[in-house]
Amino acid sequence: MAETKELAPRKRGGTVGKGTRPKQSEKMSVQVEPGDNRRYLEHSLAMWDWEKPDMSDNEQVRERIVRYFELCAKDDMKPSVAGLAMAFGLDRRRLWEIVTGQSKLTTLVVDTIKKAYQILNMQMENYMQNGKINPVAGIFLMKNNMGYQDKSEMVLTPNNPLGDQANPEELQQKYLEAAGMEIDDED
């Protein structure tokens, strides 16, 4: 009689072949290294005591932008819209209002802030193209902070099965001829 080998039932997320596959929950979870939360919090708190710059003074605005980006570089942190807003003592929505021209700031100040916003946009694109940020998170952030949107355009062309539009007399003549009837002209 042939020898039979009992196989244990395979469990979800168990071994497959010789190697192992990570569980779906592990692949989708956020990977936080020890000390990460401390670093993120210390980075944010570094701006806590910064005095608000005079938003009418372009030089102060420019210096604050540079100071924020230098802090991000020193701390090896990705700059963000919320972070830039915090550097000014603003909410990200207020920063968006400035960038979209809904403020009474001078054109020079608005243009300076827009330039910083363009740097953030460029950074986000670079992160996404080079696998440095989760694409879903990147799409979410760019839609919410940069004005990106999903858009489908459809071009509709009218399709007249009767061909070019004819005047009513021509249509009447066409259908009468097709039916084998003649029309009497009573002039």
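**Close-up views of the predicted model**

**Figure 1. R39 and D36 are joined by a salt bridge in which the closest N and O atoms are 3.4 Å apart.** A salt bridge here is a side-chain nitrogen of Lys or Arg within 4 Å of a carboxyl oxygen of Asp or Glu. The structure is a predicted model, in which local features need pLDDT of at least 70 and side-chain atom pairs count only at pLDDT 80 or more, whereas totals for chains, interfaces and linings use all residues. Residues are numbered from 1 along each chain as its sequence is written, and side-chain values use heavy atoms, with hydrogens and water left out. Both partners, R39 and D36, belong to helix α2 (residues 36-45), where they stand 3 residues apart, about one turn of the helix. Helices (H or I, at least four residues) and strands (E, at least two) are DSSP runs, numbered from the N terminus. D36 counts as buried because its relative accessibility is 11%, while R39, at 32%, counts as partly exposed. The classes are set at under 20% relative accessible area for buried and over 50% for exposed, with partly exposed in between (1.4 Å probe, protein chains only).

**Figure 2. Two further salt bridges are formed by K74 with D75 and by R93 with D91.** Side chains of opposite charge can pair when their charged atoms come close. The K74 and D75 side chains meet at 3.0 Å, N to O. K74 has a relative accessibility of 64% and therefore counts as exposed. In the second pair, the closest N and O atoms of R93 and D91 are 2.8 Å apart. R93 is exposed, at 54% relative accessibility, and D91 is partly exposed, at 36%.

Figure 3. A pair of aromatic rings is described by the distance of the centres and the angle of the planes. Rings of Phe, Tyr and Trp (its six-membered ring) pair if their centres lie within 6.5 Å; planes under 30 degrees apart count as stacked, over 60 as edge-to-face and the rest as tilted. The ring centres of Y68 and F69 are 5.6 Å apart with planes at 50 degrees, so this pair is tilted. Y68 and F69 are both buried. The pair of W96 and Y117 is likewise tilted, because its planes stand at 50 degrees, and its centres are 6.1 Å apart. W96 comes from helix α5 (residues 92-99) and Y117 from helix α6 (residues 107-129), so the pair ties together parts that are 21 residues apart in sequence. Y117 is buried, with a relative accessible area of 5%, whereas W96 is partly exposed, at 31%.

**Figure 4. K78 is placed over the face of Y127.** K78 lies 5.3 Å from the centre of the Y127 ring. A charge sits over a ring if NZ of Lys or CZ of Arg is within 6 Å of the ring centre and within 35 degrees of the ring normal.

**Figure 5. A nonpolar surface patch is made up of L41, L45, W48 and M86.** Together these residues have about 440 Å² of accessible area, a value from the Shrake-Rupley method with a 1.4 Å probe, in which only the protein chains shown count as cover for residues. Patches are made of residues with over 30% relative accessible area and no salt bridge; like charges are joined within 9 Å, and nonpolar side chains (Val, Leu, Ile, Met, Phe, Trp, Tyr) within 5 Å. M86 is part of helix α4 (residues 81-88) and counts as partly exposed, at 32% relative accessibility.

**Figure 6. T112 and N121 are located in helix α6.** T112 is buried, having a relative accessible area of 14%. Apart from neighbours within four places in sequence, T112 is in contact with N58, V61, R62 and I65; contact means heavy atoms within 4.5 Å. N121, at 19% relative accessibility, also counts as buried. Residues up to four places away in sequence not being counted, N121 touches M142, M146 and Y148.

**Figure 7. The protein chain as a whole contains 8 helices and 2 strands.** Along the sequence, these elements follow the pattern β-β-α-α-α-α-α-α-α-α. The chain has 187 residues, of which 23% count as buried. Among contacts between residues at least 6 apart in sequence, 50% join residues at least 24 apart. The accessible surface of the chain is about 15,600 Å², and 51% of this surface belongs to carbon and sulfur atoms.
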